[in-house]
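The sequence and structure come first, and the notes follow.

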Amino acid sequence: MTASSWRSHASHGRKPPRSRAEPKAAASPQPAARQKLRLWLRLLGTSRSIEIELRRRLRASFGVTLPKFDVMAALARRPAGLTMTELSRHLMVSNGNVTGLVDRLVAEGLVMRLAHAADRRATFVRLTRKGAQQFQVLAKAHESWVAELLAGAGAADTEALMRLLSTLVPRPLEGVRP
């Protein structure tokens, strides 16, 4: 193949035809470690792309950040509340980060702080009625967005992926967002 015919094919986004003299390259299997690295990068990239879009939609539709949503989601799962330390561990962020988020949510009337009955050093945090109502709206939108973003995976594929992913890490790590 000449250089000009290669450029012609390349400029049109096509691969040039192989001449009969060129043997077809055998697909060599990748070493297991390399293949697993590629899998991890694919999982990470896919997760990151979905997260970026969810952040964008939460901000555009509700003026809410993903970290605020995460705090509200954690508190919605524990209606009696969580201590600031439990919340920090669950979200895998520093106590300082949680304090700032909770301060903003308290100022918006979505979260309340309560004294811990058994430990004066600890503070419970829980959703207010307004916070619980707003979270229900956010959660419904979030669920529909995730369904939309993953629409390419049918029910059987979703179950197969869930089963395969469960073999990678025997149990979810504490504090990792689902």
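## Arg 57

At 12% relative accessibility, Arg 57 counts as buried, because buried means under 20% relative accessible area, exposed means over 50%, and partly exposed lies in between (1.4 Å probe, protein chains only). The model is predicted: local features need pLDDT of at least 70 and side-chain atom pairs count only at pLDDT 80 or more, whereas totals for chains, interfaces and linings use all residues. Residues are numbered from 1 along each chain as its sequence is written, and side-chain values use heavy atoms, with hydrogens and water left out.

Arg 57 sits in helix H2; helices (H or I, at least four residues) and strands (E, at least two) are DSSP runs numbered from the N terminus. The side chains of Arg 57 and Glu 53 are joined by a polar contact of 2.7 Å. Such a contact is a pair of N or O atoms within 3.5 Å; within protein, one must be able to donate a hydrogen and the other to accept it, and residues adjacent in sequence count only if both atoms are side-chain atoms. Apart from neighbours within four places in sequence, Arg 57 is in contact (heavy atoms within 4.5 Å) with Phe 62, Trp 145, Glu 148 and Leu 149.

## Nonpolar surface patch

Leu 39, Leu 43, Leu 161, Leu 165, Leu 168 and Val 169 form a surface patch that is nonpolar and has about 490 Å² of accessible area together. Patches are made of residues with over 30% relative accessible area and no salt bridge; like charges are joined within 9 Å and nonpolar side chains (Val, Leu, Ile, Met, Phe, Trp, Tyr) within 5 Å. A salt bridge is a side-chain nitrogen of Lys or Arg within 4 Å of a carboxyl oxygen of Asp or Glu. Areas come from the Shrake-Rupley method with a 1.4 Å probe, and for residues only the protein chains shown count as cover.

Helices H2 (32–62) and H7 (155–168) each supply at least two residues of the patch, and H7 gives the largest share, three residues. Val 169 lies in the segment after H7 and counts as partly exposed, at 41% relative accessibility.

## Whole chain and confidence

The protein has seven helices and three strands, in the order α-α-α-β-α-α-β-β-α-α from the N terminus. Of its 178 residues, 23% are buried.

The average pLDDT (the predictor's confidence in each residue, from 0 to 100) is 83, and 78% of the residues score at least 70. Confidence is lowest in helix H1 (residues 3–11), with a mean of 44, and highest in helix H6 (residues 129–149), at 97.
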